[in-house]
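Biologist: Thanks for sitting down with me. Could you show me the model, and then I'll ask a few things about it?

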Amino acid sequence: ESLRLMQRDADAQINELRATIESMGGATEEVNELVAEVAQLKYEIEAKVAECGESIAEKNQLKKRLLETNAELSALREGNESLRLMQRDSDAQINELRATIESMDGDTSEVDKLVAEVANLKYELEAKVAERNDNINALQALQAKLDNAEECLNETMNVSDGDAEDALKAENYELSSKLVDLQSNLN
């Protein structure tokens, strides 16, 4: 916003210089040089305003990506916790079945059923462990993406909020001062 105000001030000064030049009646070499310098200063101010707009757009895009990555990370964490709970339940069932098998005396058909059920539970457990490991890997990859996005956002915010804006303000002040000097040279 402050850059836009500075640009408006510069435009007003440029228009004032043009009016002064037109009122002088003749086009001298010095006047032509001043007109060219005024045009160059106006171009530089417009370029800086456009550069600020691009930085703001990039910062907003990075914020959006960060929010999306955080949402994805939360979903993976919830899924991972659910798989952990399922694994605990499966472990408890396996332990219960083992205890039942050990307590049985000689009923082999019942034992065979229980052994088959234990084997099935082990298979399901292994599948869940593999799924959990995949989720952990995805979670770690997403965490790395999140860290990278946060770093990019922080860099963009640091550059666009601090140093770049100060540099642009200083540069615009310098350009405005040059316009004032040019105006006083015309008078």
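Modeller: Happy to! Leaving out neighbours within four places in sequence, asparagine 80 is in contact with Arg132, Ile136 and Leu139. Do keep in mind that this is a predicted model.

Biologist: Is asparagine 80 buried or exposed?

Modeller: Asparagine 80 has its place in helix H2, residues 29-103. Its relative accessible area is 4%. Buried means under 20%, so asparagine 80 counts as buried.

Biologist: How many salt bridges are there?

Modeller: The rule asks for a side-chain nitrogen of Lys or Arg within 4 Å of a carboxyl oxygen of Asp or Glu. Lysine 48 forms one with glutamate 51, their closest N and O atoms being 3.9 Å apart. Glutamate 81 forms one with arginine 84, at 3.1 Å. By this rule the count is two.

Biologist: Which helix holds lysine 48 and glutamate 51?

Modeller: These residues are three apart, about one turn of the helix. Lysine 48 counts as buried at 17% relative accessibility, whereas glutamate 51 is partly exposed at 38%. Both lie in helix H2.

Biologist: And why does arginine 84 count as partly exposed?

Modeller: Arginine 84 and glutamate 81 both lie in helix H2, three residues apart. Glutamate 81 is partly exposed, with a relative accessible area of 35%. Partly exposed covers values between the buried limit of 20% and the exposed limit of 50%. Arginine 84 is partly exposed because its relative accessible area is 30%.

Conventions: Residues numbered from 1 in each chain as written. Predicted model: local features only at pLDDT ≥ 70, side-chain atom pairs only at ≥ 80, totals over all residues. Heavy atoms only, no water. Helix = DSSP H or I, 4+ residues; strand = E, 2+ residues; numbered from the N terminus. Buried < 20%, exposed > 50% of the residue type's maximum accessible area, 1.4 Å probe, protein only. Contact = heavy atoms within 4.5 Å.
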